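Let's take a walk through a protein chain, starting with the whole thing and then stopping at a few spots along the way. Keep the picture open as you read.

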Amino acid sequence: MSYELRALLASVELANVVAAEVRLARAVRLEQELALIPLTAELLGVLDQPEDAVVAGFDFFPGGFGRRLGAWSKAGPIAYVEADYFGGRGSQRGAVWVDGKIELGPLGVVAGEPFPAEGSPISQVLRRLGAHHPCGEDEFEAVGLGRHRHLEGWLGR
């Protein structure tokens, strides 16, 4: 079984602001007052500024996107996450921007590496955004990121 995710995570309010500003962006409500904006190939193309620098440590991070995340983060914390799994093996990465700069990350774990004691990169990002987990779940499951296994599912396709 596979799982893929490339998305922005933020408060519902901030995600709605981003979705209103960027053509093709769609905010999807999660649990705990958070929202996700799936980053499809088309949306990444709209966001890409090839002449600008990328943030190292990610597979799908468009040029100039760090500058945009920095600007949005002045209104509240915003995160970029990506995950790619097949057959239980894969990788995940994440970072959080606050007040114009990266505050957490980039964090990453690749195939075969165990998660650190602090939890998976995405769970750490979610904690920084204010997510909490009930007993027996991690933040990833608690906010509902397991609801869909592919980007198309988040878009209702």
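What follows is a short tour, from the overall build down to single residues.

## Before we start

This is a predicted model, where local features need pLDDT of at least 70, side-chain atom pairs count only at pLDDT 80 or more, and totals for chains, interfaces and linings use all residues. Residues are numbered from 1 along each chain as its sequence is written, and side-chain values use heavy atoms, with hydrogens and water left out.

## The overall build

The protein chain has six helices and six strands. Here, helices (H or I, at least four residues) and strands (E, at least two) are DSSP runs, numbered from the N terminus. If you read along the sequence, the pattern goes β-α-β-β-α-α-β-β-β-α-α-α. The radius of gyration is 14 Å, close to the 15 Å that the globule rule gives for 157 residues, so the protein chain is as compact as a globular protein of that length. That radius is taken over C-alpha atoms, and the globule rule is 2.2 Å times the number of residues to the power 0.38. Picture a box of roughly 40 × 35 × 30 Å, taken along the principal axes: the C-alpha atoms of the protein chain fill it.

How much of the protein chain is buried? Buried residues make up 49% of the 157 residues; buried means under 20% relative accessible area, exposed means over 50%, and partly exposed is in between (1.4 Å probe, protein chains only).

## Surface and charge

The accessible surface of the protein chain comes to about 7,700 Å², and 52% of it belongs to carbon and sulfur atoms. Such areas come from the Shrake-Rupley method with a 1.4 Å probe; for residues, only the protein chains shown count as cover.

As for charge, there are 15 positive and 21 negative side chains, and the centres of the two sets lie 3 Å apart. In this count Lys and Arg are positive and Asp and Glu negative, while His and the chain ends are not counted. Each charge is placed at NZ of Lys, CZ of Arg, CG of Asp or CD of Glu.

Why is helix 4 (residues 121–128) described as largely enclosed by the rest of the structure? Six of its eight residues are buried, so the rest of the structure largely encloses it. Those buried residues are Pro121, Ile122, Ser123, Gln124, Val125 and Leu126. They pack against strand 1, strand 3 (34–38), strand 4 (78–86), strand 5 (89–98), strand 6 (101–109) and helix 5 (139–143). After helix 4 comes Gly130, with a positive phi near 105 degrees.

In the loop between strand 6 and helix 4 you'll find Gly119, which counts as buried at 19% relative accessibility. Leaving aside neighbours within four places in sequence, Gly119 is in contact with Gln124 and Arg127. Ala111 is found in the loop between strand 6 and helix 4 too, but Ala111 counts as partly exposed, at 42%.

## Two serines to find

Ser2 lies in strand 1 (residues 2–11), and its side chain is joined to that of His150 by a polar contact of 3.2 Å. A polar contact is a pair of N or O atoms within 3.5 Å; within protein, one must be able to donate a hydrogen and the other to accept it, and residues adjacent in sequence count only if both atoms are side-chain atoms. Not counting residues up to four places away in sequence, Ser2 touches Tyr85, Phe86, Arg149 and His150.

Now look at Ser91 in strand 5. Ser91 is buried, with a relative accessible area of 12%, and its side chain makes a polar contact with the side chain of Arg93 (3.2 Å). Beyond four places in sequence, the contacts of Ser91 include Glu82, Asp84 and Ala111.

A cis peptide bond joins Gly105 and Pro106, with omega about 0 degrees, and Pro106 sits in strand 6.

Which residues other than glycine have a positive phi? Glu33 is one of them, with phi near 60 degrees, and Asp99 is another, at about 50 degrees. Glu33 is in the loop between strand 2 (28–29) and strand 3 and counts as exposed at 51% relative accessibility. Asp99 is in the loop between strand 5 and strand 6 and counts as exposed at 55%.

Note on methods:
Contact = heavy atoms within 4.5 Å.
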